[in-house]
Amino acid sequence: QLFLSLANEGSVTYELSTGETNVFKTAVEYMAQYLTGRPSVPDVAKACNVSSSTLKRLFTKYAGVSIHKYFLNMKLNKAASLLRLGKSVTEVTEILNFSSQSYFSVCFKRETGVSPLSFKKGS
């Protein structure tokens, strides 16, 4: 029912060249470690030893979305898991460090088609 096959909690299976594989994998792993934070593109690029523009290009090329959208989808997948575990919308907002509950709710509904509260009730 739920969505977001782009980022399955950090597990990625793409066919890439060896160098790109390592960069992409490192970037996804780094972002998975910082789901509760707000890493910037330069932060992720530095962790991967590439430029921000290279990193952005890799995500657009292989994930079909921007690095920002990919990270948001990772966070929303985690949010769905937390909601299924009984966490409140407020708790999920705080755990995943969204700027506000309303922003989290808007993002969640835009990507899943249902509000976090409706999702929680349906789980």
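Reader: Is Ala79 buried or exposed?
Author: The model is predicted: local features need pLDDT of at least 70, side-chain atom pairs count only at pLDDT 80 or more, and totals for chains, interfaces and linings use all residues. Numbering starts from 1 along each chain as its sequence is written, and side-chain values use heavy atoms, with hydrogens and water left out. A residue is called buried under 20% relative accessible area, exposed over 50% and partly exposed in between (1.4 Å probe, protein chains only). The relative accessible area of Ala79 is 0%, so Ala79 is buried.

Reader: Which residues does Ala79 touch, not counting residues up to four places away in sequence?
Author: Ala79 is placed in helix 4; helices (H or I, at least four residues) and strands (E, at least two) are DSSP runs, numbered from the N terminus. A contact requires heavy atoms within 4.5 Å. With residues up to four places away in sequence left out, Ala79 touches Val92, Leu96, Phe104 and Phe108.

Reader: How many helices are there in the chain?
Author: Along the sequence the pattern reads α-α-α-α-α-α-α. The chain has zero strands, and its helices number seven.

Reader: How many nonpolar residues has the contact of helix 1 with helix 3?
Author: Helix 1 contributes Glu20, Val23, Phe24, Ala27, Val28 and Met31, and helix 3 contributes Leu55, Arg57, Leu58, Phe59, Lys61, Tyr62 and Ala63. Ala, Val, Leu, Ile, Met, Phe, Trp, Tyr, Cys and Pro count as nonpolar, Asp, Glu, Lys and Arg as charged, and the others, Gly among them, as polar. The contact has three charged residues and no polar ones, and its nonpolar residues number 10.

Reader: Which helix gives the largest share of the lining of the largest pocket?
Author: On a 1 Å grid over the protein atoms alone, a pocket is an open set of points where a 1.4 Å probe fits, with protein on both sides within 12 Å along at least five of seven lines; lining residues have an atom within 4 Å of a point. The largest pocket is lined by 16 residues, with Arg38, His68, Phe71, Leu72 and Lys75 nearest its centre. The elements giving two or more residues are helix 2 (41–48) and helix 4 (67–84). The largest share, five residues, comes from helix 4.

Reader: Is Val89 buried or exposed?
Author: Val89 lies in helix 5. Beyond its neighbours within four places in sequence, Val89 is in contact with Leu83, Gln101, Phe104, Ser105, Pro116 and Leu117. Its relative accessibility is 10%, so Val89 counts as buried.

Reader: What is the relative accessible area of Asn49?
Author: Asn49 is found in the loop between helix 2 and helix 3. Its phi is near 60 degrees, a positive value in a residue other than glycine. Asn49 is exposed, because its relative accessible area is 71%.
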